[in-house]
Amino acid sequence: MIFTKIFDFFNRLLGKRKRKPELLMITNGCLVDSPYSDNDVCGTDELELSMRENGFVSRLLVTDYGMESGKYMIVDGHRRRAAAVKVFGEDFAFPCVVRDFSNEQEVLGQFFQSNAAVKITKREV
């Protein structure tokens with residue numbers, strides 16, 4: 001804990017303080033699939049049915065790390081995005097939590113953590 005406080009102190013001192021996650025509505029055209037994702041986004045029938053009945057009720061996790069201005073890479077939510085595009089159209093604006101990462105290692109860590117349940121489910125089937 002003391003190391004975290006020291007680390008945060010030096011980051012603030014050097015002006016490298018991370019932004020807090022923010023919630024933004026981001027249109028589909030500004031979202032980019034993660035190059036790390038191998039999720040099957042074809043089998044979304046159940047998600048589509050749920051979205052038709054309940055709307056889009058969750059958020060995507062995205063980052064602008066390493067992206068050109070105005071673009072966001074999806075870290076978690078590839079299947080939800082694919083289903084929503086089928087239901088609501090290509091111009092749909094998604095509620096997104098935008099996370100700030102300092103490096104690619106952090107992005108990968110979050111990606112694998114967020115997608116661990118999907119991988120386990122695929123292996124069990």
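A salt bridge here is a side-chain nitrogen of Lys or Arg within 4 Å of a carboxyl oxygen of Asp or Glu. Keep that in mind for what follows. The model is predicted, and it holds four salt bridges.

I'll start with Lys-86 and Glu-48. Their closest N and O atoms are 3.5 Å apart, so they form a salt bridge under the 4 Å cut-off. Lys-86 sits in helix H3 and Glu-48 in helix H2, so this pair ties together parts that are 38 residues apart in sequence. Lys-86 is partly exposed, at 45% relative accessibility, whereas Glu-48 is buried, at 10%. Through shared partners, salt bridges join Glu-48, Arg-52 and Lys-86 into one network.

Next, Asp-33 and Arg-81. This salt bridge has its closest N and O atoms 2.9 Å apart. Asp-33 is in the loop between strand S2 and helix H2, and Arg-81 is in helix H3, so the pair links parts 48 residues apart in sequence. Asp-33 is partly exposed at 45%; Arg-81 is buried at 13%.

Then there is Asp-76 with Arg-80, a salt bridge at 3.5 Å, N to O. Asp-76 has a relative accessible area of 23% and is partly exposed, while Arg-80, at 18%, counts as buried.

Notes:
Residues are numbered from 1 along each chain as its sequence is written. This is a predicted model: local features need pLDDT of at least 70, side-chain atom pairs count only at pLDDT 80 or more; totals for chains, interfaces and linings use all residues. Side-chain values use heavy atoms; hydrogens and water are left out. Helices (H or I, at least four residues) and strands (E, at least two) are DSSP runs, numbered from the N terminus. Buried means under 20% relative accessible area, exposed over 50%, partly exposed in between (1.4 Å probe, protein chains only).
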